[in-house]
Amino acid sequence: FDARSVVHELRDLESKDPTSSPKLEPVRHDMEEVITQSEHVESLLHELHSDDDWTLAKQKSGVTVHYRREADSPIHTVRAVTTFDKFSPKDFVRLCSLFVETDLTHLWFPGGILKPSKLLSWHSKYSKVVQLHISVGLPLISSRDSVIFGNGYHMPDRNAFMISTKTILDDTCRYCDIPKPSKGVVRMATESIFYVQMLKSDSISFKMIGRDDLKLKYMPSVLLNYLSQGHLPFDLMRTIHKTIRNFEGTAWEKKIEERGAYYTEIEDKVNDQLNRWEKECQGGISSHTQIDQNSNGGDGNAKNLQKSKGELMRTQHYTGSSGSNDIFLTNEHGSHEIDWQFMALMIMTLLSAVIMSVLYLVAFPEMIPALAPKILHELLQVLREECSLLAIMIISFLLGQIIVISQTARTKRLNKEELITDQEQY
């Protein structure tokens with residue numbers, strides 16, 4: 001926005017003094033890019049904070065998920081919001097590094113579906129072109145890739161950092177050559193926004209908006225939307241929280257040390273803005289002062305210990321068991337259960353396909369000899385290029401049953417051991 005103000009000043013100068021136009025020609029494209037990017041950021045901020053056209057999907061464990069229908073696609077856009085408490089300005093920088101260091105994203109992204117990405121261009125401080133690689137891990141589903149253009153926007157006045165990514169659909173890019181997908185790989189489309197804001201000295205707001213079209217022609221969009229609005233956002237938030245809480249000695253910590261000034265600048269600006277906010281609220285007691293007062297004396301320590309235990313319980317309720325990798329199958333008591341809505345949806349989809357096929361063949365029995373070769377050919381196409389819906393239903397059901405049966409006992413044991421250990425530490 002500061003750059004946009006400069007562009008407006010240059011345009012005013014040009015209107016008053018036309019002789020200055022030749023001097024602005026070398027930067028004319030950059031001026032237009034600044035205006036375009038600033039308008040884009042304003043629209044993204046509106047989407048992040050507005051309730052226009054958003055429908056509540058689920059609210060659970062401190063995470064609120066909304067979805068929005070799109071006119072040009074059956075795939076919904078999903079927005080997820082949460083707040084990370086007890087996160088310091090240093091944690092703010094750590095959280096930003098998860099998205100800046102794109103070559104390490106596969107190490108923390110949930111589900112293990114994201115493979116090492118390829119950096120095609122890092123042409124400015126907060127701008128990159130990256131080729132993502134995704135493997136769903138299910139039989140008969142080919143791998144996916146996507147070439148995305150990512151921009152970062154540091155907004156010190158908001159104490160926020162925003163990253164937007166969008167697929168480059170055409171084969172041209174002024175920063176680098178766009179590689180063709182490898183043989184057997186399907187190019188998908190993805191669009192995401194990640195917004196990290198330091199609300200106060202120990203609290204971070206995290207918001208994200210995403211829409212991913214995996215180009216699964218034979219997968220019902222209603223099933224994909226159900227997953228994107230239910231399982232995925234909660235798993236993403238939980239994984240981010242867990243990664244930041246276990247940050248010491250990680251590859252991201254080494255990257256922060258290597259880049260030095262890059263991340264130090266972000267942290268310094270965060271602290272500067274916190275100091276400005278604190279000066280504006282001199283009449284009240286800061287959160288740090290209140291914590292220090294509670295920490296002095298026996299009563300203060302007892303209250304602080306009790307508060308810490310409460311926070312521990314809330315954190316465990318939010319993050320789930322370390323032995324579980326799937327909030328989608330975890331209830332509020334920490335044990336696993338089947339999501340019957342999801343199972344019913346899969347079964348209904350399968351039955352609908354079978355019933356329609358049977359009705360068609362009963363109504364037109366004379367078409368069976370003529371259609372048999374075509375049906376066989378189409379089936380082979382499905383198996384080779386994408387997946388068999390029947391196979392996905394069966395595999396999903398069996399995997400769900402295996403997870404439920406194998407992890408319930410282990411999860412209860414781990415929850416109990418972790419709670420005892422953490423209480424002893426407090």
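Reader: What volume does the largest cavity have, and what makes it a cavity rather than a pocket?

Author: In this predicted model, the largest cavity has a volume of about 30 Å³, a volume being the space filled by probe spheres set on grid points that are joined across faces, edges and corners. On a 1 Å grid over the protein atoms alone, a cavity is a set of points where a 1.4 Å probe fits but cannot get out, whereas a pocket is an open set with protein on both sides within 12 Å along at least five of seven lines. By this rule the count is 1 cavity of 30 Å³ or more.

Reader: Which residues line the largest cavity?

Author: Lining residues have an atom within 4 Å of a point, and for the largest cavity they are Cys-96, Phe-99, Phe-161, Ile-163, Phe-194 and Val-196. By class the lining has 6 nonpolar, no polar and no charged residues, where Ala, Val, Leu, Ile, Met, Phe, Trp, Tyr, Cys and Pro count as nonpolar, Asp, Glu, Lys and Arg as charged, and the others, Gly among them, as polar.

Reader: Why is Lys-255 called buried?

Author: Buried means under 20% relative accessible area, exposed over 50%, and partly exposed in between (1.4 Å probe, protein chains only); Lys-255 has 17% relative accessibility and therefore counts as buried. Leaving aside residues up to four places away in sequence, Lys-255 touches Glu-101, Asp-103, Leu-104 and Tyr-263, contact meaning heavy atoms within 4.5 Å.

Residues are numbered from 1 along each chain as its sequence is written. Local features need pLDDT of at least 70 and side-chain atom pairs count only at pLDDT 80 or more, while totals for chains, interfaces and linings use all residues, and side-chain values use heavy atoms, with hydrogens and water left out.
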